[in-house]
Amino acid sequence: MLHNYWGEFAGLALIHFLAVIAPGPDFAVTIRQSVRFGRLAGICTALGIGAGMSVHIIYTLLGISALMHTTPWLMSAARFAGGAYIIYLGVNFLRSKPTPLPSLAHDGAAPPAQSRNKAFLMGFMTNATNPKATLFFLAIFTSVVSSATPTSVQMLYGLWMCSVNAAWFVLVSLLFSSPAVRQRFERKGYWFERVMGVVLLGFAARLLMVSF
């Protein structure tokens with residue numbers, strides 16, 4: 001049965017991949033986590049981002065996205081909730097203090113610890129509360145995926161997208177948690193976090209402006 005939907009899947013996969021690699025809140029948070037807390041925290045954050053996408057897939061399959069599309073106040077509420085969370089992250093990043101990361105080159109010290117659960121939850125919440133993802137799924141499942149496509153096939157699409165999201169951000173975390181990259185941010189890491197905070201606030205401002 002799946003061979004009947006390869007064309008649809010290819011179009012969906014391509015659009016989704018282009019959306020994933022475009023810089024956004026997920027990208028900013030993954031980089032920050034990887035640089036500040038190291039590889040394990042970055043990977044857990046990336047897995048949380050992949051899991052967070054399942055929220056959008058579930059409500060899309062349940063038809064809630066169509067309800068939000070026809071009920072403007074629900075979409076506005078989603079935008080405000082997502083914007084508020086992104087602002088919260090951005091403010092936290094802006095408050096980063098000039099405390100250098102441990103030097104891997106000199107003493108092999110590990111980066112400051114963050115629990116795996118906390119890192120996973122940050123990734124999960126960043127994606128699950130992102131209204132941009134809501135709009136993306138609403139658009140892609142109404143324009144690319146046929147209404148005649150079986151729910152079971154759409155679930156496989158969703159599983160693929162969750163996996164690609166997680167895999168991409170795991171690669172990002174591996175890159176930015178490498179000793180060579182971390183050493184470059186060692187002394188000025190807090191400025192990098194502040195820049196990421198400004199980026200997140202910019203995303204939130206643009207998101208909230210659309211609501212008016």
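## Helix α3 against α8

The axes of α3 and α8 cross at roughly 160° and come within 8 Å. Axes here are lines fitted to C-alpha atoms, for helices over the stretch in contact, and angles run from 0 to 180 degrees between N-to-C directions. That crossing makes α3 roughly antiparallel to α8. (Angles under 35 degrees count as roughly parallel, over 145 as roughly antiparallel, 65 to 115 as roughly perpendicular and the rest as oblique.) The crossing of α3 with α8 is right-handed. A crossing is right-handed if the near helix is turned clockwise from the far one by less than a right angle, and left-handed if anticlockwise.

On the α3 side, the contact includes Arg39, Ile43, Leu47, Met53 and Ile57. On the α8 side, Met155, Met161, Phe169 and Leu174 are among the residues involved. Contact means heavy atoms within 4.5 Å. By class, the residues of this contact are 14 nonpolar, seven polar and one charged. Ala, Val, Leu, Ile, Met, Phe, Trp, Tyr, Cys and Pro count as nonpolar, Asp, Glu, Lys and Arg as charged, and the others, Gly among them, as polar.

## Model and overall fold

This is a predicted model: local features need pLDDT of at least 70, side-chain atom pairs count only at pLDDT 80 or more, and totals for chains, interfaces and linings use all residues. Residues are numbered from 1 along each chain as its sequence is written, and side-chain values use heavy atoms, with hydrogens and water left out.

The chain has ten helices and zero strands. Helices (H or I, at least four residues) and strands (E, at least two) are DSSP runs, numbered from the N terminus. Of the 212 residues, 47% are buried. Buried means under 20% relative accessible area, exposed over 50%, partly exposed in between (1.4 Å probe, protein chains only). Among contacts between residues at least 6 apart in sequence, 89% join residues at least 24 apart.

## Nonpolar cores

The largest nonpolar core has 14 residues. Such a core is a set of buried Ala, Val, Leu, Ile, Met, Phe, Trp, Tyr and Cys residues joined through side-chain atoms within 4.5 Å. Leu12, Met53, Ile57, Phe137, Tyr157 and Met161 touch the most other members. Two or more residues come from each of α1 (6–21), α3 (39–61), α7 (131–143) and α8 (151–176). Helix α8 gives the most, with four.

Met53 is in contact with His16, Asn127, Phe137, Met161, Cys162 and Asn165, leaving aside neighbours within four places in sequence. A second, separate core has ten residues, including Val20, Ile31, Val35 and Phe176.

## Helix α2 against α3

Helix α2 (residues 25–37) packs on α3 at about 160°, with the axes 6 Å apart. The two are therefore roughly antiparallel. Their crossing is right-handed.

Thr30 lies in α2. Thr30 counts as buried because its relative accessibility is 0%. Beyond residues up to four places away in sequence, Thr30 touches Gly42, Thr45, Ile49, Phe169, Val172 and Ser173.

## Ala128 in helix α6

Ala128 is found in α6 (residues 116–128). At 18% relative accessibility, Ala128 counts as buried. Its contacts, leaving aside neighbours within four places in sequence, are Gly52, Val55 and His56. The C-alpha atoms of Ala128 and Ser54 are separated by 8.0 Å, although the residues are 74 apart along the chain.
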